[in-house]
Amino acid sequence: MTDKDSLRATLRARRRAASGAIPAWPPFVALLSPALVVASYVPVGGEADPAALERAARAAGCTLALPHVVDRATPLAFLAWDAGAVLTEGPFGLRQPPAHHAAVAPDVVLTPLVGFDRQGNRLGQGAGHYDRAFAAFPDAHRIGIALAVQETDQLAPDPWDVPLHAIATDREWIVP
Ligand SMILES: Nc1nc2c(c(=O)[nH]1)N(C=O)[C@@H](CNc1ccc(C(=O)N[C@@H](CCC(=O)O)C(=O)O)cc1)CN2
Ligand SMILES: Nc1ncnc2c1ncn2[C@@H]1O[C@H](COP(=O)(O)OP(=O)(O)OP(=O)(O)O)[C@@H](O)[C@H]1O
């Protein structure tokens with residue numbers, strides 16, 4: 001087990017033991033406009049729920065998208081998605097749009113976190129799906145979503161890590 005793996009286990013356990021709603025914090029709502037594509041996610045395994053931010057994006061007229069995963073090795077695609085549209089079962093217990101939905105380029109990426117720090121460093125699932133998405137869409141606004149209990153001071157960023165622009169928790173909007 002690497003340091004990152006054991007940190008993931010600790011932070012996932014902390015996340016499972018906690019709960020809390022992530023509000024659509026005013027600075028998030030302020031950056032929305034109808035021309036934007038906002039990528040959200042369907043929470044699994046006790047992940048923080050981005051539903052309020054998703055609703056705010058929809059209310060602002062944004063196009064919504066969800067990640068689509070084939071396997072660990074294949075880069076994420078972001079597929080257009082409307083509220084209520086059918087989702088299918090994907091790998092890792094994920095629910096995602098069917099593969100025929102249009103691939104879109106996200107302007108805002110709501111990113112599920114395993115852990116984060118106040119510098120905007122991030123720990124994810126370890127498959128590099130979001131790392132690679134951030135490299136593929138370098139101009140997208142990267143917003144981490146997490147419960148406040150997922151904050152840690154144990155992150156040592158790797159060379160490929162791209163920092164978050166902001167983190168929305170149940171307690172605050174954090175700008176590194
Ligand atoms: N809700 C959600 N959707 C997402 C992600 C995510 O973290 N959360 N992703 C983020 O990249 C991408 C999917 N990639 C993933 C890569 C690996 C694992 C994974 O290894 N999961 C563990 C279970 C972890 C747990 O216990 O919480 C496993 O299946 O063993 C999951 C998703 C895109 N969609
Ligand atoms: N731009 C990239 N292109 C190709 N592979 C990458 C890129 N960025 C990261 N990776 C690979 O993906 C893996 C990411 O592992 P890491 O532990 O940093 O993931 P993480 O911090 O949990 O983030 P993620 O949510 O992206 O999985 C590493 O093996 C790394 O080599």
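A residue is counted as near a ligand if its C-beta atom, placed from the backbone, lies within 6 Å of that ligand. The views below show a predicted model.

**View 1**
The shell around ligand 1 holds 18 residues, of which Gly45, Pro67, Phe92, Gln125 and His129 come nearest. By class, this shell divides into 12 nonpolar, 4 polar and 2 charged residues. Phe92, one of the nearest residues, is placed in the loop between strand S4 (88–89) and strand S5 (95–96). Phe92 is not a glycine, yet has a positive phi of about 60°. With 11 other C-beta atoms within 10 Å, Phe92 is exposed.

**View 1. The surroundings of ligand 2.**
Ligand 2 is surrounded by 14 residues, and the closest are Gly124, Gly128, Asp131, Ala135 and Trp160. Helix H4 gives the most to this shell, contributing 5 residues. The shell around ligand 2 comprises 5 nonpolar, 5 polar and 4 charged residues.

**View 2. Helix H3 and the elements that cover its buried residues.**
Helix H3 spans residues 51–59, and its buried residues are Leu53, Glu54 and Ala57. These buried residues line one face of the helix, because they fall within an arc of 100° when seen down the axis of H3. Among the elements that cover them are helix H2 (26–30), strand S1 (37–39), strand S2 (63–68), strand S6 (108–112) and strand S10 (166–168). Just after H3, Gly61 adopts a positive phi of about 85°.

**View 3. Helix H4 and its packing partners.**
Tyr130, Ala133 and Phe134 are buried in helix H4, which comprises residues 129–136. Their arc around the axis is only 100°, so they lie on the same side of H4. Strands S6 and S9 (141–145) are the elements against which the buried residues of H4 pack.

**View 4. The largest nonpolar core.**
This core contains 39 residues, and Ala39, Leu110, Ile143 and Ile145 touch the most other members. At least two residues of the core are supplied by each of S1, H3, S2, strand S3 (77–80), S6, H4, S9 and S10. In soluble globular proteins, nonpolar side chains tend to be buried together. Leaving aside residues up to four places away in sequence, Ile143 touches Phe28, Val108, Val109, Leu110, Thr111, Leu164, His165, Ala166 and Ala168.

**View 5. Val114 in the loop between S6 and S7.**
Val114 lies in the loop that connects S6 and S7. A residue is buried if 20 or more other C-beta atoms lie within 10 Å of its own. When residues within four places in sequence are left aside, Val114 is in contact with Arg8, Leu11, Arg12, Leu123, Gly124, Gln125 and Gln150. Although Val114 and Arg15 are 99 residues apart along the chain, their C-alpha atoms are separated by 8.0 Å.

**View 6. Asp170 in the loop between S10 and S11.**
Asp170 is found in the loop between S10 and strand S11 (173–174). Asp170 has 17 C-beta neighbours inside 10 Å and so counts as partly exposed. Beyond its neighbours within four places in sequence, Asp170 is in contact with Gly20, Ala21, Ile22, Leu147 and Ala148. Ala146 is 24 residues from Asp170 in sequence and 7.5 Å from it in space, C-alpha to C-alpha.

Gln119 is found in the loop between strand S7 (115–116) and strand S8 (122–123). Gln119 is partly exposed, with 13 other C-beta atoms within 10 Å. Not counting residues up to four places away in sequence, Gln119 touches Pro163 and Pro176. Arg72 lies in the loop between S2 and S3. Arg72 is exposed, as 12 other C-beta atoms lie within 10 Å. Arg72 and Asp139 are 24 Å apart, C-alpha to C-alpha, and 67 residues apart in sequence.

**View 7. Residues 21–42, an annotated span.**
In an unreviewed UniProt entry, the feature "transmembrane region" is placed at residues 21–42. In the predicted model, this span is 23% helix and 14% strand, and its end C-alpha atoms lie 14 Å apart.

Key:
Residues numbered from 1 in each chain as written. Chains lettered and ligands numbered in written order. Predicted model: local features only at pLDDT ≥ 70, side-chain atom pairs only at ≥ 80, totals over all residues. Nonpolar A, V, L, I, M, F, W, Y, C, P; charged D, E, K, R; others polar. Helix = DSSP H or I, 4+ residues; strand = E, 2+ residues; numbered from the N terminus. Arc of directions from axis to C-beta. Contact = placed C-beta atoms within 7 Å. UniProt positions renumbered as here; feature names shortened; annotations may be inferred. Core = buried A, V, L, I, M, F, W, Y, C linked by C-beta atoms within 7 Å.
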